[in-house]
Structure formats: C-alpha cells, structure tokens
Amino acid sequence: MRRPTPGLPGRDQILDFIATSDEPAGKREIARAFGLHAQDKIALKALLKDMADEGLIDSAPGRAFHKMGGIPKVTVLRIADVDDGGNVWAVPERWEAETPPPRLRVRERKRGALGVGERILARTEEAGAGWIAHPMKVLAPASEQMLGVLREEAGRMWLTSVDKKDRREVAVSDAGDAKAGDLVLAEKAGRPPRITARVVQRLGDPFAPRSFSLIAIHKLGIPDVFAAEALEEAQQVATQPLGDGREDLRHLPIVAIDPADARDHDDAVWAAPDDDPANPGGWKAIVAIADVSFYVRPGSALDREARARGNSVYFPDRVVPMLPEILSADVCSLKAGDDRAALACHLTITSSGVLKAWRFTRAVVRIAANIAYEDAQAVADKFLPGTGRGTAREASGGGAATSENSVGLPLHQPAAGSPPSAGEELTVVLRPLWSCWHALAKARAARQPLELDLPERRVVLDEQGRILSVAPRERLDSMRLIEDYMIAANVAAAKALEAKKAPVMYRDHEPPSREKLVALKDYLETFGVPLALGQVVKPATFNHLLDRIGDADFRPQVMEQVLRTQTQAYYGPMNHSHFGLGLGSYAHFTSPIRRYADLVVHRALVSTYALGPGGAAPDGGEMERIGEAISRLERRAMEAERDTTDRYVAAFLSERVGQMVETRITGVTNFGFFATVDGIGGDGLMPVRDLGGEYFRFDEAARTLTGETSGDIFALGQRLTLKLADANPVSGALRFELPEGKGAEPGSRPPRILKHRGRPANIRHQGRRR
C-alpha cells in the first residue's frame with residue numbers, strides 16, 4: 001500500500017471533504033480544495049485508487065467520489081415508488097457498491113409532480129437512519145440513452161440506433177468490451193453537433209432468439225428483474241393456507257377458457273339456468289377471478305414491485321410479469337385440478353342479458369378444465385348446433401334474433417354403449433355457458449358498443465425461438481363469450497363499489513373530441529361518405545357508418561381511421577363512462593395477476609364488503625396518482641409489445657427481400673407513404689423521391705399524393721404490388737421500391753399506379769378542410 005505523499009491530504013481528510021462538500025466531489029474538486037498542483041495531482045489519483053480498492057469510497061471514472069455505502073451530495077436519482085400515503089421514493093440511478101441501493105424519500109415542491117420511472121437531479125442528506133432527497137430539476141428520460149448495434153468502419157466504431165425513427169449514427173467514444181455487431185446500451189455524451197456515445201452494457205447478438213423483446217425491454221426501461229426482497233416475500237406468501245370462511249365452490253364445474261399459449265389464468269366461468277320464478281328464462285353465472293389481494297398486501301415488497309411495473313408485458317417469446325412467477329404462473333393462476341383462492345362474482349342475468357343482481361365472495365375453487373379458445377370453439381361447433389361460429393354475432397350485430405333451439409338445447413347424448421368423449425363431457429359444461437352468453441349478447445346488441453373488426457397479429461415461434469409464422473389471429477365466438485362474461489363482471493364490480501360510495505378505479509373512455517370528428521368528416525368526404533356533426537355521437541354512429549360502407553375496398557382504412565378518432569382509455573377515480581363499450585360505469589376487475597388496476601379494485605371490494613385480509617380503500621388523491629401512473633405504464637407496455645411484433649415481422653420478411661409483395665397503403669404524408677404487407681403487417685416507407693421525377697401534390701384531408709403530370713394517385717388504403725427492398729429486424733423497419741426500381745429519372749414518367757377506387761380522380765383541394 002502506498003503511503004500519502006507529503007502535502008497530500010490523508011484518507012480521513014478526503015473522506016471528511018467528500019461528506020461535507022456541497023457539490024459533487026471529483027478528483028478536480030479535491031485537488032482544488034487542498035491546493036494541489038502538477039505531481040501532487042498524479043499522487044492524488046493513485047491515493048484515490050487505493051481508497052477505492054480498500055473499500056473506503058465508491059467511484060467511477062469521470063464521476064464524483066462518495067463514501068462507501070453513502071450517496072453523493074448531488075446525484076441523479078430514479079423515482080422507484082409512490083406509496084399509499086403519497087410519499088415519493090427514489091434510488092440512485094447508478095449504484096456500484098455490493099450492498100443494496102438505499103431508498104431516499106423525495107421532498108417534492110408540488111405534491112404528485114413526480115411519477116415512477118422519472119429521473120431527477122437532487123441534493124441529498126442523511127436524516128437519522130435514512131436519506132432525504134431535495135429535487136433540483138427533472139432530467140430527460142432514460143430514453144436519452146441509446147440502444148443500438150455497433151458498426152466498425154476504418155478502425156472507428158459507430159452506433160446505429162434500433163429506433164426506426166432515429167436514422168442517425170453516432171460515433172462511439174468508448175466501446176468497452178463490446179465488438180462490432182453487438183447489441184449495446186450506450187449513453188450520450190457531449191453537445192450538438194459533437195455527440196458521442198459511451199457503451200455502458202453489452203447485450204449480445206441482436207439477431208439471436210429473444211433479442212427482439214430484450215431490445216424493447218431495455219429501450220423503454222421495463223423492469224424485468226425482481227428485487228430479492230420481493231422474491232423472498234413471494235416464496236413466503238405462496239405457502240400460506242387459503243384461510244377459513246371462504247365459500248366452497250369446488251363442486252361446480254368452473255372452467256378457464258384462454259389462448260392456447262396463455263402463461264397465466266386470471267379468470268374462470270360457470271353458468272346455469274336460474275331456478276328462481278322471479279327470473280323466468282334467466283341465468284346464474286359465476287366469474288371466478290384469482291384472489292391476488294390475498295397474497296399481495298398493500299405496502300409490501302410485492303406490492304411495491306407490482307405498482308412500479310403496473311402490468312405484465314407480453315411478447316411472442318416471453319412475458320415480463322407484474323408478479324413473480326411463483327405467484328403469476330403457479331399459486332395465483334387458476335390451474336385445473338388444484339384448489340385456488342378466488343374472488344367470485346356471482347351474477348343474476350335476465351333472459352335479455354340485463355344484470356339483475358350481483359354479489360362478491362371470497363371462495364375456494366377447483367377448476368374443472370383449462371381450455372384453449374380453439375378447443376372450446378371446436379366443441380361448440382361439433383356438439384352445440386346453433387351455438388357455434390357466428391350465432392352470437394348475428395344476435396349482437398343486428399342480424400337474425402337467436403333462435404329458440406340455440407338456447408334450450410338438450411345435452412348431447414353419446415351412442416348407446418359407447419363412453420363419452422372429452423368433447424362430449426365438455427359439452428355439459430359449455431352448453432349453459434354458451435346459452436347464457438346469448439342472453440348477454442342481446443344486452444350487448446341493445447347498447448350498441450363500438451364494433452371494429454381489426455385483426456391482431458400473432459407470431460408463432462418454435463422451441464428455439466425461431467419464427468414459424470406471422471398471421472392475423474382468428475376471432476372466435478369462444479373469445480367473444482369470455483369477453484362478454486368479463487365485461488359483465490367488470491360492470492358489477494364498479495356498481496358494487498358505487499353502491500357503498502367506495503372509491504373506484506374506473507376504466508374511463510371518453511367520447512371523441514370535436515377536432516378528431518371534424519378530421520374524420522373531412523376524410524370520409526373523400527370517399528363520398530357523409531358524417532353529420534350536429535348529432536350526439538354514440539358508438540352506434542360509427543357502427544352505422546361502417547354498415548353503409550359495407551364491403552367496399554376502403555372499409556379497412558375507414559375502420560382504422562375510426563379507431564384513430566377515439567380517445568385513449570385510462571384509469572382514474574372519476575367516472576367519465578366507457579364510450580366504446582356503451583357503459584355508464586366500468587372498472588377492471590378480471591385480471592389482477594397482470595394489471596395493478598384490477599388489484600386496486602379487488603382490495604376496494606375486500607375492504608368495502610369486509611371479505612377478510614388484504615383490503616384497502618385509498619382516498620381520491622391516492623387513487624388519482626395510482627391511475628395516472630398505471631395509465632402511463634400501460635402505454636409503455638403497448639408500445640413495447642407493438643415494437644417487438646414489428647421486429648419479428650421484419651425478421652420474418654427478411655427472407656423475402658428482393659421479392660414482390662402485396663401491400664396496402666396505411667399512411668400518406670408529404671414525404672411519401674407507408675405501406676403494410678397484406679396478412680402479415682409491418683409498416684415500411686416509400687419515399688416520395690422514389691416515386692419518379694414529377695412533382696407529387698399532398699392533399700392532407702384526402703391523405704393522397706397526386707402526380708401533377710401523370711395524375712397517378714397514391715391514397716390511404718390503396719393496394720399495391722411493391723418490391724421489398726429491405727427488412728431490418730433490429731429496428732423493425734421495412735423499405736419498399738416500385739417494381740421497376742427506385743423510380744424514374746428526373747423528367748420521365750413514373751409507372752402507372754392503380755387509381756384509388758371510391759373517390760374522385762381530380763383532387764383540387766389541398767390542406768385540411770375546415
């Protein structure tokens with residue numbers, strides 16, 4: 001060990017200076033404070049390295065020193081939690097000690113100003129056994145970090161962003177141990193125009209299986225590792241007995257119907273004819289939901305983790321769960337044959353599908369079967385004539401009314417002497433579920449919710465994570481059945497809390513704004529379709545609009561435009577109704593394994609109706625803060641899932657680069673148009689500069705590009721055969737070319753493109769119509 005050079009401060013002096021300095025204490029500040037020059041600074045550098053090696057201080061090159069286990073006086077913090085009392089807690093953004101990072105209580109100037117995940121520069125101080133942080137300013141989000149792939153050229157490293165919106169490359173000042181071709185996380189340094197990147201984490205091969213979801217996780221800062229405290233707590237609560245006083249529903253054949261690849265099972269259903277003479281032709285139903293509130297108590301380590309995540313995030317290759325897997329995929333999950341804790345919603349439903357009564361109990365259930373949607377549909381198609389595909393769509397979509405024999409079918413009887421098949425046994429359970437659902441479908445038809453049949457893409461992988469297929473997910477009646485039972489339970493939960501004037505975490509979906517309706521009107525006029533704005537706009541307004549359009553070629557893009565016209569749903573304690581579903585009171589109750597909002601509603605029900613431990617009824621201010629946070633986290637999850645699917649689609653299409661593909665134009669701008677591959681998805685840009693040498697005029701209201709010389713029109717919804725020029729799995733971006741190449745030479749005529757059907761050919765108006 002080196003001895004301090006004469007004139008140098010001693011170890012204790014340096015530690016005292018670091019502890020009392022009002023500014024970050026780096027090597028330069030220490031040297032200035034003790035009047036060191038030239039050779040003394042070299043000796044100081046060696047002394048500080050010794051102190052770090054001895055464990056006296058934490059340090060990192062280019063940053064301030066601080067006492068081991070302590071926190072710099074001024075540092076960057078990340079908001080980690082907002083507890084039920086409204087207290088904001090933060091952790092150091094960087095923590096290089098072996099001990100767990102400390103939690104600092106943040107003293108906000110304005111209550112509720114900071115949310116989970118935000119970054120602040122703060123002044124810190126020790127207060128008794130804890131730490132206090134005084135915010136100085138809110139910093140740019142962590143997205144200022146760059147996720148990208150390293151590229152080497154002429155001995156120099158460059159970072160190419162994985163974000164398809166960011167087309168710039170940044171010079172790398174420090175690549176660490178990463179090599180060209182690696183996927184890395186880097187932080188920006190310097191100021192424009194001399195921005196550089198320093199690699200802080202090597203993530204591996206960007207094209208390896210499971211990398212596409214990993215990109216989204218790192219890009220958006222989705223926490224995918226549970227704190228040790230939460231994992232330990234999950235192990236403990238998983239072994240606790242279900243407790244006394246639960247309603248025993250194990251004798252009922254309750255079934256869970258889910259996607260074939262479901263990783264958790266929140267909900268299960270049961271129905272039977274109601275024998276009450278006061279409800280002729282009516283039904284009794286039970287929607288059993290995993291009793292997560294029994295295991296995850298308010299203020300616990302598990303609760304802090306769940307609240308910070310807000311929801312589970314689902315990718316084709318993995319799930320980032322809201323709760324540790326011992327709970328989300330095992331103890332809380334409603335798996336067949338095992339006794340499970342449930343919060344049961346008992347529903348009384350009239351013959352016309354109206355909710356007549358409801359009650360909630362804590363129960364113990366034993367699920368009779370976990371059934372995939374496809375299997376449930378197959379049973380219905382084979383053994384339940386009149387209740388299979390399309391029957392409820394006719395009832396809820398204004399078609400023929402449900403026939404008598406679709407509701408009162410006798411049970412299927414196997415041939416004499418032959419044992420019943422699994423499908424025949426399921427018929428006994430599914431028949432009343434289907435029949436009760438037809439009643440619910442009548443009520444759905446009466447309120448006329450928004451009906452947009454927009455397909456969802458499904459990515460299928462093999463065991464090694466390689467892509468087998470990408471295709472629209474088929475929409476089955478078995479899916480609609482579960483959806484309508486869940487909606488009924490969600491309505492009952494909201495109304496049950498309202499009846500006791502208890503706080504409700506509503507799922508709000510407000511009507512479209514007038515500005516968006518005007519934009520939709522202008523757009524529809526380009527197809528010769530009128531939209532009167534003087535009327536009270538209801539979901540049925542849009543349904544009737546789509547009925548008038550029928551099967552026209554432009555129907556898909558009109559549906560997408562109607563979707564864009566809608567406001568974004570959110571969570572909050574004020575009831576603004578659910579416009580899309582046509583419901584006055586609506587909450588999320590049916591998915592507490594994967595959504596924190598549902599857990600909040602469960603706790604409110606448990607507390608309000610005295611159903612046992614684990615209840616909580618936060619005040620309005622706390623509910624508002626929770627609602628804002630989980631709404632923001634939901635949007636993050638949606639972006640992550642969408643971006644990852646785009647990357648898988650690009651990887652799937654990368655084998656077809658250079659081939660002709662059938663596309664549909666999904667967006668038109670003044671710099672070109674975006675197209676998506678039919679039946680697969682994935683948006684790609686066709687720049688206007690590649691359309692030929694003539695001038696193309698952009699019509700904002702009509703969403704078209706029109707060639708001034710040729711009259712060729714590129715319009716929203718138009719179908720084109722294009723050449724796939726590039727498919728980048730890392731960014732998820734596609735690029736197209738016209739079949740003849742990258743367009744004609746300046747002054748030449750571009751190839752004739754099929755005119756958009758259903759609108760006038762000569763477009764005179766440019767710009768938005770008012």
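# A guided tour of the predicted model

The protein has 17 helices and 33 strands. Helices (H or I, at least four residues) and strands (E, at least two) are DSSP runs, numbered from the N terminus. This is a predicted model, in which local features need pLDDT of at least 70 and side-chain atom pairs count only at pLDDT 80 or more, while totals for chains, interfaces and linings use all residues. Residues are numbered from 1 along each chain as its sequence is written, and side-chain values use heavy atoms, with hydrogens and water left out.

Start with the whole chain. Of its 770 residues, 51% count as buried. Buried means under 20% relative accessible area, exposed over 50%, and partly exposed in between (1.4 Å probe, protein chains only). Contact means heavy atoms within 4.5 Å. Among contacts between residues at least 6 apart in sequence, 67% join residues at least 24 apart.

**Stop 1**

Two strands pair if DSSP finds at least two bridges between them. Now keep strand 8 (residues 145-153) and strand 11 (residues 183-189): they pair in the antiparallel sense over 5 bridges.

**Stop 2**

Select residues 339-349, which form strand 19. How many of its 11 residues are buried? The count is 9, so the strand is mostly covered. On one pairing, strand 16 (residues 283-290) runs antiparallel to strand 19, joined by 8 bridges. Val287 stands opposite Cys345 there. On another pairing, strand 20 (residues 355-366) meets strand 19 in the antiparallel sense over 11 bridges. Ala341 has Val364 of strand 20 as its bridge partner. Strands 19 and 20 form a hairpin with 5 residues between them. Zoom in on Gly353 in the turn: its phi is positive, about 85 degrees.

**Stop 1: the largest nonpolar core**

A nonpolar core is a set of buried Ala, Val, Leu, Ile, Met, Phe, Trp, Tyr and Cys residues joined through side-chain atoms within 4.5 Å. The largest has 95 residues. Which residues have the most contacts inside it? Show Leu327, Tyr485 and Phe589. Helix 12 (residues 477-499) gives the most to this core, with 12 residues.

Centre on Phe589. Leaving aside neighbours within four places in sequence, Phe589 is in contact with Ile289, Leu343, Cys345, Phe360, Ala489, Asn490, Ala493, Asp598, Val601, His602 and Leu605.

**Stop 4**

Select residues 373-383 for helix 9. Tyr373, Ala376, Gln377, Val379, Ala380 and Phe383 are buried in this helix. Look down the axis: the buried residues fall within an arc of 160 degrees, so they line one face of helix 9. The arc is that of the directions from the helix axis to the C-beta atoms.

Tyr373, Ala376 and Gln377 of helix 9 make the contact with Asp477, Ser478, Met479 and Ile482 of helix 12. Axes are lines fitted to C-alpha atoms, for helices over the stretch in contact, and angles run from 0 to 180 degrees between N-to-C directions. Angles under 35 degrees count as roughly parallel, over 145 as roughly antiparallel, 65 to 115 as roughly perpendicular and the rest as oblique.

**Stop 2: helices 14 and 15**

Select helix 14 (residues 539-549) and helix 15 (residues 555-565). Their axes come within 10 Å and cross at roughly 170 degrees. That makes helix 14 roughly antiparallel to helix 15. Phe542, Leu545, Leu546, Asp547 and Ile549 of helix 14 meet Arg555, Val558, Met559 and Val562 of helix 15.

**Stop 6**

Strand 28 and strand 33 (residues 733-737) pair in the parallel sense over 2 bridges. Leu685 has Arg735 of strand 33 as its bridge partner.

Finish at Tyr695, in the loop between strand 28 (681-687) and strand 29 (696-699). Beyond neighbours within four places in sequence, Tyr695 is in contact with Thr706, Gly707 and Glu708.
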